[in-house]
Amino acid sequence: MRRVLVTHVESPVGRRVVKALFHDPDVALVVGLGTRPEPSFLAPYRGKVAYQRIDLAKFRHLQSFLHSERFARVRPDSVIHLPFAVEHSLERVPGGVSTLVSETRRLVEESVEQRGIERFVYLSSAFVYDPVPGNGNVVSESQGLGFDGDGDALVRAWIDADLVCQGELHGSNLRMTILRAATIVTETGEFVNSPPLSHAQAPFGYDPMLAVVSDRDVARALVLALHADKPGIYNIAGREVFPRSQLGAPPPRSALGLGAAWVERLVRRAPAPGRSFDRYGLVPSARLAHEALGFEPQYRIEVRGQGAARRIDTVRCR
Amino acid sequence: MSRDEPTTLGPSLGTDPFAQGDGTLPYLIRLRERSMRIVAEPVPRRPRGEPREELLEAPDLGPPVPELPSFDDRDESAGALDRLAGLLLSAGEEERLTQLAHSLGSRPYDEFGQSPRVTRRALALFKFLYRYWFRVTSSGHSVLPEKEGAILAANHGGLLPFDASMIVVDGVLGARPPRLVRTVVDRWAGTLPFVNVFYARVGQVMGSRDNVRELLRANQLVLIFPEGMAGVRKRAAERYVLQPFHLGFVEESLRHRVPIIPVAVVGADDQAPVLWDVQPLAKLLGLPFFPITPTFPLFGLAGLVPYPVRYEIAYGEPFRFYDEFPPEALEDPHAVRYMAERVRRRIQEMVDQRVLARRSKRS
């Protein structure tokens, strides 16, 4: 029976993970960590789920929690860490996305030192990969990472945090599993664990294919990784892929008329340096996760309509 | 503190889960009932006294209507291009495209960005190039597998890759059943705006090992030009002389146990004979090569239009190296080089036969 610590429990993926763990008979106890006051959605799960308000980015907060009597009573043996599944727009994270890297580093270090913690499951992103030029490209776990000092700050943070966890892949104290998820779509049609997919930022002449996955499927994959004793790196993706123009937010309406709208679009779509994922497609192959963890997407994403009338739905597969 | 009353750990940690008894049970029951309501919808019962319906034999309505991919805007906003494609394509060609679309199921795009809708539009245009511009004749379709995957290894020539597009059109119009040939394209093409999107929508993929492996796992026909860019930029004096082969296609064939089908294309090397490759200019412009042809750059971009030469496509007997060699051969570079050389010689023979036949016919 596992006793699991789930970070960023108030995030859309965190909620799904808590619900999945609550119904999991092999999990005895779940402790959710979050920066906000206790979310109301946890109320029905109190029998098995506890909540601790804590800012993981602050060293003292983490230390005081790890050495508290509460932590000693909980005695978690597993950690599910979801640092980048926090906000709709990660660029608005207070203190910048680099704080999420430092919090990941501290949590991994403390988990190694805490002898009771055996397993660590980290949710990374498929945007860590270096995209191959082209519109649609399947990438496996062996694909190189997109190291670029001048690149996007968010992608650099993803790669840094991924590398921190990779450092413990072959460690003796901790069984580390890294799940690199495609763009996660929540029930309300929002994108999580993804760079902003604004339509205006896509360079002219490029419309890369992006893989999507439902937040419920990601939660399932996290739980599967928790139970399967198979440390390593796995891609997580759904069955559907879409052109970025179909997923991205519609461009703002111009008040200047039709001709000006085209000029505006041309100007806005000037290629941005260092954002190769704006041009080249990234479709992670989840074959390894299927073979090793038994992961199979159970939900599919449907995009209906275009522009302002666009709607994104999550539908259960038959 | 007694065991019965719940322990409060503080305002943030909530109640102590160990101190609770069966507090979650009513919730679980409610949850299960709710989920059962969602999953199991009530089936309307037959009222008492109403006679049971007789099971009749289904009327013969002919063959079932093939299921079309569920595009969100298939009927409502079918654009002018779709209507034009509908006029240009015959009923038989539409049926072949429908059969191809089946492989995608209900998805509007596959992993590589291929869209049946854009493929249909492109086929309507390229069919005219196939029939009336290049007047393609092809032979040996029987070696193309019906469902299994295979690697098509072909010679490459001409300035623009019309040889690849003609093989793709031939796969749709000539093969039985129709197969969509997925060409592996040079990475440089993937960096070009608009071109990269068009290639992907009509089923071409960029040259990476992961892409090829995924296609072969999905039992697709993968067209590879093992000469690479060297085949395109070779000068007119070297036309129909195959350049040294890259070895990746043999390795993937052995790894996935798929046959290599040699494909000879005659005509592509005549469509735009390269007189000179100005490498310094190519480096300056960031291009893989800068060709001088009789018409380019003399007539500007119009000089890139291929000459209306006759094309001939021939499929040869497949090589099944995985049956001839043990799996360890994959690790032996000499063995892989030997296999690639056998394929190269076979394609060269096929090309030479057809070029000689052409010359004798002219004389």
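Visitor: Then how confident is the prediction for chain A?

Guide: The average pLDDT of chain A is 84, and 86% of the residues score at least 70.

Visitor: Where is confidence lowest in chain A, and where is it highest?

Guide: Confidence is lowest in helix H8 (residues 258-268) of chain A, with a mean of 52. It is highest in strand E11 (residues 232-236) of chain A, at 96. Over residues 251-259 of chain A the pLDDT is below 50, and this stretch has six contacts in the model beyond near neighbours in sequence.

Visitor: Now chain B. At what angle do H3(B) and H4(B) pack?

Guide: Helix H3 (residues 91-102) and helix H4 (residues 116-133) of chain B pack at about 150°, and their axes are 10 Å apart. Angles over 145 degrees count as roughly antiparallel, and H3(B) and H4(B) are therefore roughly antiparallel to each other. Their crossing is right-handed.

Visitor: Which residues meet there?

Guide: From H3(B), Leu97(B), Leu100(B) and Ala101(B) meet Pro116(B), Arg120(B) and Leu123(B) of H4(B). By class, this contact has five nonpolar residues, no polar ones and one charged one.

Visitor: How many residues does each chain bring to the contact between A and B?

Guide: Chain B brings 30 residues and chain A brings 36. On the side of chain B, helices H6 (187-190), H7 (195-201) and H8 (209-217) each supply at least two residues. H7(B) gives the most, with four residues. By class, that side of chain B has twelve nonpolar, twelve polar and six charged residues.

Visitor: Next, Gly228(B). Where is it found?

Guide: Gly228(B) is in the loop between strand E5 (221-224) and helix H9 (229-233) of chain B.

Visitor: Why does Gly228(B) count as partly exposed?

Guide: Gly228(B) counts as partly exposed because it has 18 C-beta neighbours inside 10 Å, whereas a buried residue needs 20 or more.

Visitor: Last topic: which residues of H10(B) are buried?

Guide: In helix H10 (residues 248-256) of chain B, the buried residues are Phe249(B), Val250(B), Glu252(B), Ser253(B) and Leu254(B). Their cover includes strand E2 (150-154), H8, E5, strand E6 (260-266), helix H12 (321-324) and helix H13 (333-362) of chain B.

Visitor: And what comes just after H10(B)?

Guide: Just after H10(B), Arg257(B) takes a positive phi of about 55°.

How values were computed. Residues numbered from 1 in each chain as written. Chains lettered and ligands numbered in written order. Predicted model: local features only at pLDDT ≥ 70, side-chain atom pairs only at ≥ 80, totals over all residues. Axes fitted to C-alpha atoms, helices over the stretch in contact; angles between N-to-C directions. Parallel < 35°, antiparallel > 145°, perpendicular 65-115°, else oblique. Left-handed = near helix turned anticlockwise from the far one by under 90°. Contact = placed C-beta atoms within 7 Å. Nonpolar A, V, L, I, M, F, W, Y, C, P; charged D, E, K, R; others polar. Buried ≥ 20, exposed ≤ 12 C-beta atoms within 10 Å, placed from the backbone. pLDDT = per-residue confidence, 0-100.
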